[in-house]
Amino acid sequence: MRKYLIQRLLHSLVILLGVSVLVFTLVELAPGDIVDSMISPEMFVTPEVKEQLRREYGLDEPAPIRYVRWLGRAVQGDFGYSLASRRPIRDIILDRLPISLQLVGFALVISVVLGIGTGVIAAVKQYSWIDYLVTLFAFSWLSVPGFFLGMLMIYIFAVRLNWFPAFGTSTAGAENPFLDRLHHLVLPGVTLGLELTAALTRYTRSSLLEVLHSDYMTTARAKGLRERVVIVRHGLRNALIPIITVIALRLPYLISGAVVIETVFQWPGLGFLTLTAANQKDYPLIMALALAVTVVVVASSLIADIAYSLVDPRIRYGD
Amino acid sequence: MTQDHEVTTFDRLIARAADGSISRRELVKRAGALGLGAPLVAALLNAAESGPARAQEGGEVTLSFDAGATGGGGGKPTEDILAYCRLINGGTQFELDRMVDIRLVTLSADLQSYVGELAESWTLDGTNVTFKLRPNATWHDGEPLTASDVVFTINLLATPATKSRWGVTFRSVKGYQELQDGTATTMSGVSAPDDLTVVLELTEPDSGLLPGFMFISILPEHIFQGVDLSKVCEHPNWTQNRIGAGPFKLVRLLPNERIEMEAFDNYVLGRPKIDKLNLLFFQSVETSLAAFQQGTNLVAPMTVLNLDLVESLDFAEIVTTPAGTGAIWVNTAHPDWSDKRVRQAMSYAIDRKAICESLFRGYADPVSSEIPYLPWTQPADLNPYDYDPDRAKALLQEAGWKGDTTYTLWYYYPDRLTATVMEAVQQYLDAVGIRVELRLDDGSGVRQREFDEGTWHLIYGSYGAQPAPSNLSVIFGCQAQSTWTFCNPEFDAAMEAALRTYDQDEQAQYYQKAIKILNEELPWIWLFDRKNLIAVNKKLNTGDPPAFGPGHILYANNAHLWTVEE
Amino acid sequence: MSSPALERVVQVTPVTFVERRPPGFWRRFLRHRLAFAGMVFVVLVGVGSLVAPWISPYDPYAMQLPDARLRPSWDHPLGTDNLGRDILTRVFVGGRISIAVALAAVAISSGLGTLLGVAAGYRGGWVDSIIMRITDMFMSIPMFVLLIVLVSMLGPSAKNVILIIGLLTWMGPARLVRGQVLSVVNEPYIEAAIASGAPPGRLVIRHVLPNAYVPVVVASTLGVANAMLSEAALSFLGLGIQPPTPSWGNMLNAAQQLQTLVQEPWVWLGPGAAIALTVLSINFMGDGLRDALDPRARR
C-alpha cells in the first residue's frame, strides 16, 4: 500500500511537471505579449519604448532560462507578478481560490444530492414514467449549452421574478454576509451543477441497477429483508463506490464549466480570471492558473484513488 | 478670456432663468461660455429655485462601469483597474478618477468648453497662464491642497522618467526642453507665487494647454514627495490608501466586483449630496443591463441593440453623449492607398445613411470629416460623400484600381454592433471592387506589429470625442507621419495658427480650414458620429443637462450634485 | 495502469466489447426508440443543411438593410437579423458549419486517439507508458481552460477551433482503443500470428482494428455532441466561429443581447433548438449504439 502511494505520488508529480512544460511551451509559441496588449489601440508608442518595457519585464531572455527560473520559484509557491495588475500571482490566486471553491463546492453538493437522489428513484422505479422523466431531464441538461442555460436562469429568476441577484458574490452593505453570499450562490451554483447532476443521475441509475440485479442482492432479498433496507443498506452502499470516483474524476469538467458559468454570472473566481488572463495575454498568470487548476485536479484524483483503495478491497495494487 | 468678475452678469442670468425668459439649459450653456463651473452654476440655480429640494439628500447610488458599450477602451472590468497607472496611459480608470481625484478644470456640462474644478478662475494671456485656486481645498487625509501640489504634479508628469502620456501637454512651458534633456529637474516656467496661484510661463501661446488639464488629476505632494519617479506607478497610493481630493473617498475595492466610495465632507465644491457611491464592474453590457433592470445599478451604458428593451422600461430614460467618430484609418503611405481618388471612392461606396438609420437606429450621424461634434470647427462646404457607388467605381477606374487583392480590415471593438457594422462596410466595399477580409484584433499584438512596421492597410477605429481640436495634429500632423502616414503642410500650418491664438473666432477660422483639408484628402474614411447611449434610472437625478461626458469619460461632471430618491 | 479508479469507471460505463459487431445490431438499435428518433432527426438536419441553401430564396450572407430586424412572417419564418438576412436560412447554413466543425474535430481526435491507442496497446513497454503518461497529463488539465488559452493565442477561426478541439479530446478514444488492443493481442490466435512473424502492420489492420473500432464509434458519436457544445461555448466567449460565417454557436450568441433574449425569442429559438435537439439526438444515438453493441446492456 505504501509502495503504491509513493508510486502514485511520483506519477502525479510527473504529470504536473509535464503540464508545466506544456503550458510554458504554449505560451512561448503564442503571438504577442503583455507589452503588446498593454498598449491600447488608440495610443501610439514607439518601438523603442516597447523594447524597454520588454526588458523591464524580463521578456528578452531565452525561453529555457525563463522556464527553469519560473519553475524554481513556482515550487516555492512564488509565481511572480501578474504582468497586467503587477500584484503577486500567489495573492491573486489565493484571493480568488476561495471564491471559486465556494461555487464549485456548492454546485457539487447540489448535484450530489439531486443526482444521487433522482438516480436512485429512477433505478428503483426502472421503466416507470418517473424513470423516463428523469432520464429525459438528465439528457436534456447534457444537451443545452451551459451559458445559454445561465442566461435563461438570469432572465427568469433574476430579471423577471427578482428572486436572486443576477451576478456577483455580494451586495454592498449586506447585513448578513453569509446569507447574502448564499443568495448569490444559488443561480450560478445550480446552473454549474446541472451537468454533473445529470451525469450522476445516469451513473447512479446504471450502477445501482447493476448492483440490484446481482446475486448478493437476490440473497439479501431471499433473507426476507424489506426492499427499502435492501436497497439502502446493500445496494446503494455498493453502488456508491464508483459514484465517488465519478465525482472526483468529473472535477475537471466542473472546473471547466466554471469558466463559462463564472463569466455569465460575473463570479470573480479562477475561471473568470482565466478568461481575463487569456484575453490580456497575462502569461505568468496563465501559466500559474493552468498549473494551479491542474494541481487541484491531480490531487482530487489522487484522493479518489486512495479513497477507492480503502473502500473497495477488490482492488489489488502493485500491478 | 477671464472670468474673474463675471458674477454680476451671472446674477442677471439667474434672474432671467427664474422668471422663465431663458431655459435652464440655455442658462447653463451661457454660464459655461462665461467659463463658470457647471457645478457652481447648478448650485446657484438650485439656490435660486424656491421651494424645498426636489430630492432629499443622502442615499446610495450604484453605477456601472462602461463595460465596452460605448465602444471605448474604457472600463476594462478587470483585476488591473487600479494597476493601469493612469500616469502612463489613463483610459481604463477615468470613471474612478472622476470621483476620487480633482483636476484644475473639467468639461462644461454642454461639453463645448471648460469649467473650473479646483481652479476658481484662470487667465490665458499670450505666454502667461495663471490659475487661481479655490480656497480651503483639502486632501482626503485632511492635509491642505495648495498651489504647490499643482506645481509638483505638473513637474512630475513632465519628467521623462515618469513616462507619462500627459507630459507632452506641457511642451510649450518654459524649461520643458531642459527637463527632457536632463539639465534641469523642474521646469523654470512653473511657479506658485502663493498658496492659491499657479503661474505657467510659456515659450509661445498654446491653446492646447487648458484642454490638457482636463485629464490631469492633481497629485498629493506630501504622499509622492521623494518617490523614485521611474517607479511612481508602483506607489501604494494607487491601489490601497488612495488619497485624492475629489468628491468621493475610496473605501474599498473588490477586484472584478465593485469599488465602494463615500462622500468627502470637505470637497472643495461642497459635500456630495449622496452618501455612498458604488462603481460596479461588469464583464458585459448585458449583465449590467440585467442588473439595471433589477434596480441594482442606476446607470448602465448600453448600445442600440438593447434600445427597445430599455425604452420599454418605464423607470428608465436614455441619455446620449457624443462618443466620437467611427472611421476607417487608411495607410496612405502604401502605394495601393496613396491615391486620394481611391480613398474618395471608398467614401462614396459606403452608404453611411443606411448604416446610421438601420444599424445605429438613428443614434449616429453620417459624417465625412473629424470632430463633427464641435460645430464651430466645421466649415459649411464639406463634401458629404453621399452614397454613390457608380461614382466610386468611376474614381477607382480613373485611379487604375486593379482590385486583385484582398486586404485586411482590422477592427478592435469586440462588441456585436461593431461586428455588424463591419460586415456592412465589407459588403459595400466589395460591391465597388474593393475586397477586404475582416479581422478582430484580440490584443495578440499582430495588428499592433503591422501598425508599427507600417505594413497595415485598413483599420476601423474611433477617435474618442473630446473638445480639444488641437489634438488632431497628434494624428494628422506631419509630426505623426511615421505612424499615421499622413502629412499635409497646409493642414499643419492651419493647426499651428489655431494653436497660437486664444480667440475662438480666430481658432474657428483656422480649424475649419484644417477640417476641410481632411475632408478632401481623406486620410481616414470618416463614417459616422456615434452617440453613447446610457440607460439612467429615473430615481437618479444628475442635473440638466445630465452630467455624462463624451467618449470614454462617462461620468464627467457634477457627481457631488447628484441626488437619488430612496 | 496508473489510476485504478479511472479504469474502474471506464468499466462501469458499459462499453466493454468482446465481440465484433454482435449479430442483430440494427434490429436492436432500431428497437431503442429514442436512438432511432435521434438518428432520424440528425439525418433530417444534415440533409436539410446540405439542401436548404439551394432551396431558400435568400442569400445567407448578403445584407438587406431595409429588411433589418423583421419579426417572423410567412416570408421569414424566423424573422431577419440586424443586417436583414433571413434567420431560417442562416440556421441551416449554420448547421453545415457546426456539424462540419464537430465532425472534423472528432475525426482528428478519433484518428489521433486510435493511432496512439494502437501504438500503446500493441507496442507496450516504454511506448505504452510514455503515451499513457501523456494521456494522463492531458486528462488532468481541465480541457476548457486549455481550449480558451489556445484559441485566444492562435486566434479564433474555424480551422483553429477544429484543430484545438480535436487535439484536446483524443485521450478518451486512445484509452479505449488501447484497452481493446490489449484484450485482442492476448488472444491465442494473435499471439500465434505474432510468433509466426506476420507483418505487424497487417496484423493491426486485419485483426486489431476491426475489434477496436466499435467503442471508438460510440465514443466518437458522443464526441460529436461534446464538440458541438464546445464550439457553442467558445462562440459565447467570442472565441468561436467568427461572423459573417454563421454557426449555431455564434447565432445562439445573439441571445446574449438581453433584448434579444427577452423580446425577440425567434432570433435564438432556431439555433438554440437546433443545438439542443441535435446534441440530444446524438446522445440518444450513442446510448442506442451502446445498447445495441454491448450484449451485457441488453438486460
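In this predicted model, helices (at least four residues) and strands (at least two) are DSSP runs, numbered from the N terminus.

**Figure 1. The helices of chain A.** The secondary structure of chain A consists of twelve helices and zero strands. Read from the N terminus, the order of elements is therefore α-α-α-α-α-α-α-α-α-α-α-α. Chain A has 319 residues, and 54% of them are buried. Of the contacts in chain A that link residues at least 6 apart in sequence, 71% are between residues at least 24 apart.

**Figure 2. The contact between chain A and chain C.** Chain A brings 56 residues to this contact, and chain C brings 48 residues. About 4,600 Å² of area is buried between chain A and chain C, and carbon and sulfur atoms account for 78% of that area. Three residues of chain A, F139(A), S143(A) and F147(A), provide 12% of the area that chain A buries against chain C, more than any other three residues.

**Figure 3. A salt bridge between R202(A) and D287(C).** How many salt bridges does the rule find across the interface of chain A and chain C? The rule finds one. In this salt bridge D287(C) is paired with R202(A), and their closest N and O atoms lie 3.2 Å apart. Across the interface of chain A and chain C there are also six residue pairs in polar contact, with both residues of each pair at pLDDT 80 or more.

**Figure 4. The side of chain A that touches chain C.** Several helices of chain A each supply at least two residues to this side, among them α1 (2-29), α6 (129-143), α7 (146-160) and α8 (177-212). The helices α10 (227-264), α11 (270-280) and α12 (283-311) of chain A likewise each supply at least two residues. Which helix gives the most to the side of chain A that touches chain C? It is α10(A), with eleven residues. By residue class, the side of chain A that touches chain C comprises 38 nonpolar, ten polar and eight charged residues.

**Figure 5. Confidence along chain B.** The mean pLDDT of chain B is 82, and 82% of the residues of chain B reach 70 or more. Over residues 1-55 of chain B, pLDDT stays under 50, and the model has 73 contacts beyond four places in sequence for these residues. Residues 87-92 of chain B also have a pLDDT below 50, and this stretch has 29 contacts in the model beyond near neighbours in sequence.

Technical notes
Residues numbered from 1 in each chain as written. Chains lettered and ligands numbered in written order. Predicted model: local features only at pLDDT ≥ 70, side-chain atom pairs only at ≥ 80, totals over all residues. Heavy atoms only, no water. Contact = heavy atoms within 4.5 Å. Buried area = accessible area lost by both parts, 1.4 Å probe. Salt bridge = Lys/Arg side-chain N within 4 Å of Asp/Glu carboxyl O. Polar contact = N/O pair within 3.5 Å; in protein donor to acceptor, adjacent residues only side chain to side chain. Nonpolar A, V, L, I, M, F, W, Y, C, P; charged D, E, K, R; others polar. pLDDT = per-residue confidence, 0-100. Buried < 20%, exposed > 50% of the residue type's maximum accessible area, 1.4 Å probe, protein only.
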